[in-house]
Amino acid sequence: MKIVVAGQGAFGVKHLEALANIEDVEVASLAGGNAQQTEAVAKRFKIRHWTNDLADSLKQPGVEAAILATPTQMHARQGVECMRAGKHVMIEIPMADNLADSERLVEVQRQTGVVAMAGHTRRFNPSHQWVHKRVQKGELKIQHLVVQTFFFRRSNMNALGLPRSWTDHLLWHHACHTVDLFSYQTGEAAAFAHAMRGPMHPELKIAMDMSIQLKTASGALCTLALSFNNDGPLGTFFRYICDNGTFVARYDDLVDGKENGIDVSKVDVSMNGIELQDREFLASIREHREPNASFAQVLPAMKTLDRLEKSLKEHD
């Protein structure tokens, strides 16, 4: 299967690394925003065609699908462009940075019938899969999901330490992971949603700290703390407090509440959540089915983010 990857930055590279481990797929073109960086990444991964124009990539012979790892503000427009061109598409999280664009993506997918998936990696990390399987079996019931999303990002740099051409967002990007995961793991959309934020950064014009609370109709709680001001261990850490144990997920790793390691190496065919996400996208295309984390499936999370955004404005 020939696909296009759009985005030469940190997450574009993560997808290229993941795709290198998957058989029967070829990255036919790389579309980037910076010509020098795009050429360098294309050479590194032996991609024959590269461009700064996504439309040019989509026109390459035999291309069936695209993975968009571009700046958030471009996601909705490029997603529609791919679907209107008849290409299956996966958009890195978030699929859009507002509810109206999210709903438009769902509608265009319905009209075109292509496979359309959002990059909600937490659904695929072996650590979270381990919990999900046990919840589905009735072995665990989540009482409280406590999450810390911490970065030290007081300047506009990406995960590779390079300047960003766009500004990241705690709510519509980083909170999106947890809001969707909470709904996915509990099987319920949030019935109650509340949020507060700290001061806005004078140059970046975004909130650098945020606190979010969610509750399902059945009573499960989620408490999420986010910060770009944290000068310490970085990343997102999930503490599942359940009726039958406590578990802490750190990306693809899992321990119990007493820090005893849990072997999740046999949960899936890889320990790399990005690779598993990409495998699901490609498999759903080949099998002509709706993927896990389809646009339609993650729309409730985008609706919750919209409610949280309104809550933030109420407390400013």
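Modeller: Start at Thr-121, in the loop between strand S6 and helix H6 (126–136). Helices (H or I, at least four residues) and strands (E, at least two) are DSSP runs, numbered from the N terminus. This is a predicted model, where local features need pLDDT of at least 70 and side-chain atom pairs pLDDT 80 or more, while totals for chains, interfaces and linings use all residues. Residues are numbered from 1 along each chain as its sequence is written, and side-chain values use heavy atoms, without hydrogens or water.

Is Thr-121 buried or exposed? Thr-121 is buried, at a relative accessible area of 4%. Buried means under 20% relative accessible area (1.4 Å probe, protein chains only). Setting aside residues up to four places away in sequence, Thr-121 touches Glu-92, Gly-273, Ile-274 and Gln-277. A contact here is a pair of heavy atoms within 4.5 Å. Val-5 lies 116 residues from Thr-121 along the chain, and their C-alpha atoms are 17 Å apart.

Strand S1 (residues 2–6) and S2 (residues 26–31) run parallel, joined by 5 bridges. S1 also runs parallel to strand S4 (residues 63–68), again through 5 bridges. Two strands pair if DSSP finds at least two bridges between them. In S4, Ala-65 stands opposite Ile-3. S1 is mostly covered, with 4 of its 5 residues buried. In S2, 5 of the 6 residues are buried, so the rest of the structure largely encloses that strand.

Now helix H4 (residues 75–84). It is largely enclosed by the rest of the structure, because 7 of its 10 residues are buried. These are His-75, Ala-76, Gln-78, Gly-79, Val-80, Cys-82 and Met-83. They pack against helix H3 (54–58), S4, strand S5 (88–92), helix H5 (99–112), strand S6 (116–119) and helix H9. After H4 comes Gly-86, with a positive phi near 80°.

His-75 and Ala-76 also touch Met-95. Beyond four places in sequence, the other contacts of Met-95 include Leu-105, Val-106, Ala-118, Phe-295 and Met-302. The largest nonpolar core has 95 residues; Ile-3, Met-95, Ile-212, Tyr-240 and Phe-295 touch the most other members. Such a core is a set of buried Ala, Val, Leu, Ile, Met, Phe, Trp, Tyr and Cys residues joined through side-chain atoms within 4.5 Å. In soluble globular proteins, nonpolar side chains tend to be buried together.

The model has 2 cavities of 30 Å³ or more. A cavity is a set of points on a 1 Å grid where a 1.4 Å probe fits but cannot get out; lining residues have an atom within 4 Å of a point. The largest cavity holds about 50 Å³. Its volume is the space filled by probe spheres set on the points, which are joined across faces, edges and corners. Helices H7 (170–186) and H9 (295–315) each supply at least two lining residues. Among the lining residues are Val-179, Phe-182, Ala-190, Leu-214, Pro-300 and Thr-304.

Thr-304 sits in H9. Thr-304 is buried, at 4% relative accessibility. Beyond four places in sequence, Thr-304 touches Val-179, Ala-190, Ala-193 and Leu-214.

Conventions:
1 Å grid on protein atoms, 1.4 Å probe; cavity = no way out; pocket = protein on both sides within 12 Å on 5 of 7 lines; lining within 4 Å. Buried < 20%, exposed > 50% of the residue type's maximum accessible area, 1.4 Å probe, protein only.
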